[in-house]
Amino acid sequence: MSEQVDRSANRELRARFDDVYGQYQQLRSGLDNLQARLAELRVTRLSADGQVTATVGAQGQVIAVELTPAVYRDRDAEALSRKITETVRAAATAAADATRALVAESMPAGSGSVDFLRTGDFAALLGRADAVLGRGEGKA
């Protein structure tokens, strides 16, 4: 009788393992896809007057800044500097939003990754792991 109970428990554990492993494989495949999409992500913004174009990548890195010939008519270096900075910041903000959206599509709900990208708070990233470990600590 004990052997039959052990076999039944082993089958249940094996089925649970197969389910969890399948979920892991799906998540891993999704992360590979996410990494490729993030590597290709480019966000471009144009200044209000259309004289400055800034393109940034998923991490906010500047890919390109383009100026129209009209920027040379004003000859105000300080104003041009502000315009470039504002345009790059707008592109970086939009890239951060696009990155969060891509991560949200790829990560399980409640994983903490999206909150971490939004806030930069490591507690959001590690909160779920802490909760799981906390539950495990009570068992012996």
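Asp18, with a relative accessibility of 40%, counts as partly exposed in this predicted model, and its side chain meets that of Arg14 in a salt bridge with an N to O distance of 3.3 Å. Because the two residues are 4 apart within helix α1, which covers residues 2-40, Asp18 and Arg14 are separated by about one helical turn.

Arg37 is partly exposed, at 33% relative accessible area, whereas Glu105 reaches 57% and so counts as exposed. Arg82 is partly exposed at 44%, while Glu78, at 58%, is exposed. The count of salt bridges comes to 5, and those described here are among them.

The wider fold can now be set out. The chain contains 5 helices and 3 strands, and along the sequence these follow the pattern α-β-β-β-α-α-α-α. Strand β1, residues 42-46, pairs with β2 in the antiparallel sense over 5 bridges, and within this pairing Val43 stands opposite Val56 of β2. The hairpin formed by β1 and β2 has 5 residues between its strands, and there Gly50 takes a positive phi near 75 degrees. Strands β2 and β3 are likewise antiparallel and are joined by 5 bridges, with Thr53 standing opposite Glu66 in β3. In the hairpin of β2 and β3, where 4 residues lie between the strands, Gly60 has a positive phi near 85 degrees.

Arg75, which lies in the loop between α2 and α3, also has a positive phi, of about 60 degrees, although this residue is not a glycine. Most residues other than glycine have a negative phi. With a relative accessible area of 76%, Arg75 is exposed.

Which residues touch the most other members of the largest nonpolar core? They are Leu41, Val43 and Val56, in a core of 13 residues. Strand β2 (52-57) and helix α3 (77-106) each supply at least two residues of this core, and α3 provides the largest share, 6 residues. Leaving aside residues up to four places away in sequence, Leu41 touches Val56, Gly57, Ala58, Ala95, Ala98, Thr99 and Leu102. Over the chain, 42% of the contacts between residues at least 6 apart in sequence join residues at least 24 apart, and buried residues make up 21% of the 140 residues.

Strand β3, residues 62-67, contributes the largest share of the patch, 3 residues, while Tyr72 is found in helix α2, residues 71-74. Because the relative accessibility of Tyr72 is 56%, above the 50% limit, this residue counts as exposed.

Definitions and conventions
Residues numbered from 1 in each chain as written. Predicted model: local features only at pLDDT ≥ 70, side-chain atom pairs only at ≥ 80, totals over all residues. Heavy atoms only, no water. Buried < 20%, exposed > 50% of the residue type's maximum accessible area, 1.4 Å probe, protein only. Core = buried A, V, L, I, M, F, W, Y, C linked by side-chain atoms within 4.5 Å. Contact = heavy atoms within 4.5 Å. Pairing = 2+ DSSP bridges. Salt bridge = Lys/Arg side-chain N within 4 Å of Asp/Glu carboxyl O.
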